[in-house]
There are 2 protein chains.
Amino acid sequence: MPLEPSRTVAELLELRELTGDENGAQRVAWTPTWEGAQEWLATKLEGLLLEADVDEAGNRWWTLRGESEGAVLLGGHIDSVPNGGWLDGCLNVVAAVEVLRRIAEEGTPPVTVRLVNWADEEGARFGRSLFGSSAAAGSMADQDELRELTDREGVTLPDALRGHGVELDRALEARSQLESAAAYLELHIEQGPVLEALALPLGAVLGTFGVERHRITWRGQAAHAGSTPMDQRRDALAGAAKLALELREIAERVGDGAVLTSGGVVTRPGIVTSVVETAEQLLDLRHLDAGKLAAMWEQAREACERFAEEERLEVETERIWQIEPILFDPHLIDLCDESIREVAGESHRLPSGPLHDAAEIARAGVPTVMLFVQSLRGLSHTKLEDTRHEHLELAVQALDRLASKTIDWVSAS
Amino acid sequence: MPLEPSRTVAELLELRELTGDENGAQRVAWTPTWEGAQEWLATKLEGLLLEADVDEAGNRWWTLRGESEGAVLLGGHIDSVPNGGWLDGCLNVVAAVEVLRRIAEEGTPPVTVRLVNWADEEGARFGRSLFGSSAAAGSMADQDELRELTDREGVTLPDALRGHGVELDRALEARSQLESAAAYLELHIEQGPVLEALALPLGAVLGTFGVERHRITWRGQAAHAGSTPMDQRRDALAGAAKLALELREIAERVGDGAVLTSGGVVTRPGIVTSVVETAEQLLDLRHLDAGKLAAMWEQAREACERFAEEERLEVETERIWQIEPILFDPHLIDLCDESIREVAGESHRLPSGPLHDAAEIARAGVPTVMLFVQSLRGLSHTKLEDTRHEHLELAVQALDRLASKTIDWVSAS
């Protein structure tokens, strides 16, 4: 069967019909709709000479045995957030079905090729993302902590998993799946506005950003808006305002795609007749370079101290979360770039802001790359998420080329 | 009886014992505790040859008839907010008792002198302040609107008033009380930090600030904190941050005691992973000069437009409330200054941020002045509100001098 990218678009639309409603995609992991989507996926692979398998973490594998054990993996996730987009996650598994069809038709490949559908990438039901891929990568969070998680109805994570044949205690045994992995490829929608702004359909992903996430608390003095002269105020909002604006200066100084966000400020007492006593501010700093990320936080922290002094405030910073940048494989990035240029003329290299299963696999030491396709208006995690059909078709073609080049590279090494 | 300022302090402490608890003063209008406070006040005036009267709005009057009809009024309010301070409101009625004792002892004064305890200055139970004084001034809000007000237990304002002998429909008849009024004097705690910062016990009040109150809504675009480059963001928080800082510039430019406050900002979606889509900001602008107040709002509005353009945001402004500045009588301000200098050496003229019953009476055309006594740490509407006892005694002396000077002025005119 020659590659038919339009079939991928048709199948994606079919999946949307099957598992979405007027509010968007409803393929939340560990639910009947998600199981339905997985069964639908299995039917698409019937008739190809593949070994089907489910690992201890609930990840679904389809293996096309090649002349050697070393395996090229094509991975994605069919689960979605509630009211999600039609493409987020499932694009890659559906596109990889088409690529597998093409490879399988050509006979036994020189290396093994596997399609994996990771379980629960989104973490929508229990609040922990990357369940299946982190189990396979051996980087899963403390299981005692996972054991305590419950959904909104009070169902525990272990009970929900058991309903889908997965024992939490055995999930880490999924690690054996990566033993033969020689490369990992993942196509995903960009979920950002960069490719659209450049009018390019496709991009090669350099890695996923490192993240520093902090809560900044500014403390001043509540005071009557009418009776307190300007020079006698200790206005907590002033600290938060200065920092919100300073983030752009830090981005400018650090450069290379640095992004800094103040996602929100909560003011107290928050009434019209009082100077703000307390302002709690959320900060999210991201960079692909660990050193630059550290410099960004250092500059933000120094700015906090400086503004606290200027405004006679107290300031407290608390790290909420952090993750190191995860870089993809330089040679695979080159192959991805080449594949894109062959099908679309021009390529662009960009980092990924959001995390992906690919980051877990790269962290586990498997050479990895991602391929991004343009998102319209950069929207994601909403039913408004969309990508042009012609761009989806180009993405399938580029993934197919990338798979071929990667198979050649792995078999030659 | 010669003036005994220390008796006023003792009586204030007695009232605190009688009507407060561990959380502060509990003399909320239209409650039994408030009635108890009023009865206590009446006992303090027994034995003086006064006519006692309650008007149609529930204001309590004690009249010392003088040689002429024209009356000098000493007014305050014995009601408090729940968990309020021991001095807010009642200081003046208790101090005026002492002044009346001194005047009454000297025989028939040349003009009539009246003490008034205004009903429900705070509006703590039904959310509308200045009930009694606005009725007497004829500036009371639409009665149809007042009729609909209920407290937390669902009791309507008219029913609560009826329980205290007041018919809402007749409240405006209290206007007749001001027909003979020639001057109105009110001593109050400052409720702000100005006198404390100047290390002065007393100040003469120029009037009450005009107020412009607005809600500013900034609208940008929610966008992923990881995947949206800095130059492609439309961050609503940036508009609010710039405006919060610009308020100081406006205060600087306009001067003369201008105060501008951004009392709070509410951000949406307000999560760490998203650029802020909407920021709602509360603004409160105050000045004693109507023209300058208008200029302040004009400059703030222009700043909104400018920042919206710079940040590619939409901005909407909505006036929540406004009131014109109310200026006190220049001659009475002079007399107040003189009185303060005589008892404390140095005086200071300052505006009042909060509104007071005095503003209503001034609006009604009665020559008015207020005398402020220092508040410790500028605190008010909390049990932490406090004033040094020696400053309270100086305040009683200054009020007494001011009353004498005002009586002379009124009798001479």
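Start with helix 8 of chain A and helix 9 of chain A: their crossing is right-handed. Right-handed here means that the near helix is turned clockwise from the far one by less than a right angle, and left-handed means anticlockwise. Helices are DSSP runs of H or I with at least four residues, strands are runs of E with at least two, and both are numbered from the N terminus.

Before going on, note that this is a predicted model, in which local features need pLDDT of at least 70, side-chain atom pairs count only at pLDDT 80 or more, and totals for chains, interfaces and linings use all residues. Residues are numbered from 1 along each chain as its sequence is written, while chains are lettered from A and ligands numbered from 1 in the order in which they are written.

**Stop 1: the helix pair in chain A**

Stay on this pair. Helix 9 of chain A covers residues 290–311, and its axis lies 9 Å from that of helix 8 of chain A, at an angle of about 145°. Axes are lines fitted to C-alpha atoms, for helices over the stretch in contact, and angles run from 0 to 180 degrees between N-to-C directions.

Now select the contact residues. From helix 8 of chain A, pick A:A238, A:G239, A:K242, A:L243, A:E246, A:I250 and A:V254. Helix 9 of chain A answers with residues including A:K292, A:M296, A:Q299 and A:F307. Contact means that C-beta atoms, placed from the backbone, lie within 7 Å. By class, this contact has 11 nonpolar, two polar and four charged residues. Ala, Val, Leu, Ile, Met, Phe, Trp, Tyr, Cys and Pro count as nonpolar, Asp, Glu, Lys and Arg as charged, and the others, Gly among them, as polar.

**Stop 2: where the chains meet**

Show both chains. Here 47 residues of chain A are in contact with 47 residues of chain B. On the chain A side, two or more residues each come from helix 7 (194–198), helix 8 (236–254), strand 10 (259–268) and strand 11 (278–287). Helix 8 of chain A gives the largest share, eight residues. The chain A side divides into 22 nonpolar, 19 polar and six charged residues.

**Stop 3: two domains**

Colour chain A by domain: domain 1 is 5–208 + 325–412, and domain 2 is 210–323. These bounds come from an automatic or database domain assignment. Their centres, taken over C-alpha atoms, are 37 Å apart. Five residues of domain 1 of chain A are in contact with nine of domain 2 of chain A.

**Stop 4: backbone details**

Zoom to A:R268 and A:P269, which a cis peptide bond joins, with omega about 0°. A:P269 sits in the loop between strand 10 and strand 11 of chain A. In chain B, a cis peptide bond joins B:R268 and B:P269.

Finish at A:W30. Its phi is positive, about 65°, although A:W30 is not a glycine. Look for A:W30 in the loop between strand 2 (24–25) and helix 2 (32–45) of chain A.

Technical notes. Two residues are in contact if their C-beta atoms, placed from the backbone, lie within 7 Å.
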